[in-house]
Amino acid sequence: MAEPLHPEPETKAVDPNLVATLSGGTKVKRRLARQRACNEKSDKGKLCAGHLKRWFFFGDEVKRQFGAGAEIYRCEHCQTLYLPNPDEEPRSGTLSY
Ligand SMILES: [Zn+2]
């Protein structure tokens, strides 16, 4: 199962936070800073606003792309996956040398 990704050049209006789309159609997005709720929009333009919960049960496709120990969050409403925001690393703010 080492299929290459199939980018769709036709699709122009993509979410800037979209990282990947899995083969099953599940979107993987980057969380915004302090984002707690899903910001996916339905066909009617309604905000999903589902809760983002830490999720551990991702399959091989996610493991292959983001690592087996990846920090993954999932919208409990539309199942969109979210990666943590790099600005939100649990660090004290300053770099220690
Ligand atoms: Zn959602």
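Predicted model: local features only at pLDDT ≥ 70, side-chain atom pairs only at ≥ 80, totals over all residues.
Residues are numbered from 1 along each chain as its sequence is written, and side-chain values use heavy atoms, with hydrogens and water left out.

Q: Which residues coordinate the zinc ion?
A: Donors are N, O and S atoms within 2.8 Å of the metal (3.2 Å for Na, K and Ca); water is not among the atoms, so sites may look incomplete. Here the donor distances are 2.2 to 2.3 Å. The spacing of the donors along the chain is C-x9-C-x26-C-x2-C. Through their SG atoms, the coordinating residues are Cys38, Cys48, Cys75 and Cys78.

Q: What is the geometry of the zinc ion site?
A: Four donors count as tetrahedral if all angles lie between 85 and 135 degrees. The ideal angle for four tetrahedral donors is 109.5 degrees. Among the 4 donor atoms of the zinc ion, the angles are 106 to 115 degrees, so the site is tetrahedral.

Q: Is Asn85 buried or exposed?
A: Asn85 lies in the segment after strand S5 (81-83), where strands are DSSP runs (E, at least two residues) numbered from the N terminus. Buried means under 20% relative accessible area, exposed over 50%, and partly exposed in between (1.4 Å probe, protein chains only). Because its relative accessibility is 9%, Asn85 counts as buried.

Q: Which backbone oxygen does the side chain of Asn85 reach?
A: Leaving aside neighbours within four places in sequence, Asn85 is in contact (heavy atoms within 4.5 Å) with Arg30, Arg31, Leu32 and Ala33. A polar atom of the Asn85 side chain also lies 2.7 Å from the backbone nitrogen of Asp87. At 2.6 Å, the side chain of Asn85 reaches the backbone oxygen of Arg31.

Q: What is the phi of Arg34?
A: Most residues other than glycine have a negative phi. Arg34, in the loop between S2 and S3, is exposed with a relative accessible area of 68%. Although Arg34 is not a glycine, its phi is positive, at about 60 degrees.

Q: Where is Gln79 found?
A: Gln79 is not a glycine, yet has a positive phi of about 70 degrees. With a relative accessible area of 33%, Gln79 is partly exposed. Its place is the loop between S4 and S5.

Technical notes: Helix = DSSP H or I, 4+ residues; strand = E, 2+ residues; numbered from the N terminus. Polar contact = N/O pair within 3.5 Å; in protein donor to acceptor, adjacent residues only side chain to side chain. Tetrahedral: all angles 85-135°; square planar, octahedral: opposite > 155°, others 65-115°.
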